[in-house]
Amino acid sequence: DFLCISLVNGFTQLRYNLGDKTVILQTLQKVHANGNTWHSLSAGRVGNEGYLDLDGINVTQKASPGMNALDTHTDFFVGGVSSLNFVNSMAIENEPTGFTGCIREIVINNRELKLTVTDPKGGANIGDCDETDCGYTVCKNNGTCQVENSGFSCSCPREWTGTTCEQSIHCSQNTCGSHALCIPQPSSFSYTCVCALGWTGKYCNNKIKFYIAKFVGNSYIKYTDPFYGKRDLQYSRLSLNFTTNQTEGLIAWMGKSENEDNDFLAIGLANGTLKVVINLGERISVPLMQSKYFTCSVGRWHFITVVQNQTCIKVYLDEELILFEDIDPQRKYTALNYGGICYFGGFEIGRKVNTVTTGLFQKEFIGKIKDVVLFQDSKKIQLMKAEGYNVYDGNSGN
């Protein structure tokens, strides 16, 4: 399998092979090879349907039956390769040669790569394209960079301040404690302090301890499983107690959630109904819905357990088996490669549940969670020792 972007006779090409056939897309227009014109290129695929966009002019290859997952286990190369043996003969039209020019702002699956000296794994013969201290995006948030004798300075838009326009003016004089994030509130010309796990109060200066986690809608806990390397991923299990009075919300997500190729097991509420979704590979998300309407009564605790035995999924609610399904009798993918990461209540601040889950769940969880157990562990996981923000002590009655 491969995915390759290259220049051929002045045109940009995207070539990819998911295991059955090589798809070739080529832009309609040539690039300006004068060395001083920047081009914006967007390329990729959804399943086996490819797209290639140069400066807003799009070329699309309609999907046809066949493979729809990219299985690659090599490093990601930009501008050239360390050895020509890495390049599949079908990946390019002519003999492979390295790129000569400038590249900036590489974004893969919504994550920007840092094109610095230290961040990449390796490289050779790379120079600074702009050769001044005003590199690309030195000034954040649409700030303008000026070269000066001492280096550079940023001229910031009205809402931003700091040496690189990195700080909201609403947070420039904040009094949030050291265990808080300052979140600007431009509409009220103010800010709020969002507390790290284990802290509370207006400025997050009060230490708390809890065994029941209370989520208020923009909360999350990210737990890293210390025993992930020893798990048998063909036989996964997640159980917890929760209470809520909402009809929508993501309760738990086992998986890295970095991109759409990651495996996951998710539990949540949709339209007042309990919903479990699992993806063991090839982005085939299988939603399992409880048939009867779920009662989201205030203060009532529910105990849910999801068991994955290869492709057989069992869901227990209040110790009653409510769902039992073999999601793939062909047994093509049988392991839940969740990367040792579990989210509860939502995702990191700024990452919306409906976006990250591609619409499988609509909102962050509002309610309480306790007694979380992974696999057949004898101990509950200690939520207090995880990463998280805006989580409250749910031990009290309110």
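**Strands, a buried arginine and a domain contact**

In this predicted model, β23 and β24 form a hairpin with two residues between them. Glutamine 310 in the turn has a positive phi of about 55 degrees.

Me: How many bridges join β23 to strand β24?
Reply: The two strands run antiparallel. Isoleucine 304 stands opposite leucine 317 in β24. The number of bridges joining β23 to β24 is six.

Me: Which residue in β23 stands opposite serine 236?
Reply: β23 (residues 302-309) also pairs with strand β18 (residues 235-243). That pairing is antiparallel, over eight bridges. Opposite serine 236 stands glutamine 308.

Me: Is arginine 45 buried or exposed?
Reply: Arginine 45 sits in strand β4 (residues 41-46). Buried means under 20% relative accessible area. Arginine 45 has 10% relative accessibility, so it counts as buried.

Me: At what distance does the side chain of arginine 45 reach the backbone oxygen of asparagine 68?
Reply: A polar atom of the arginine 45 side chain lies 2.8 Å from the backbone oxygen of glycine 47. For the backbone oxygen of asparagine 68, the distance is 3.3 Å.

Me: Which three residues supply 60% of the area that domain 2 buries against domain 3?
Reply: Domain 2 spans 180-208 and domain 3 spans 213-393. The area buried between them is about 850 Å², and carbon and sulfur atoms give 71% of that. The 60% share on the domain 2 side comes from Val194, Leu197 and Ile208.

Me: How many residue pairs are in polar contact across the interface of domain 2 and domain 3?
Reply: Zero salt bridges are found across this interface. For residue pairs in polar contact, the count is two.

Note on methods. Residues numbered from 1 in each chain as written. Predicted model: local features only at pLDDT ≥ 70, side-chain atom pairs only at ≥ 80, totals over all residues. Heavy atoms only, no water. Helix = DSSP H or I, 4+ residues; strand = E, 2+ residues; numbered from the N terminus. Buried < 20%, exposed > 50% of the residue type's maximum accessible area, 1.4 Å probe, protein only. Polar contact = N/O pair within 3.5 Å; in protein donor to acceptor, adjacent residues only side chain to side chain. Pairing = 2+ DSSP bridges. Domains from an automatic or database assignment. Buried area = accessible area lost by both parts, 1.4 Å probe. Salt bridge = Lys/Arg side-chain N within 4 Å of Asp/Glu carboxyl O.
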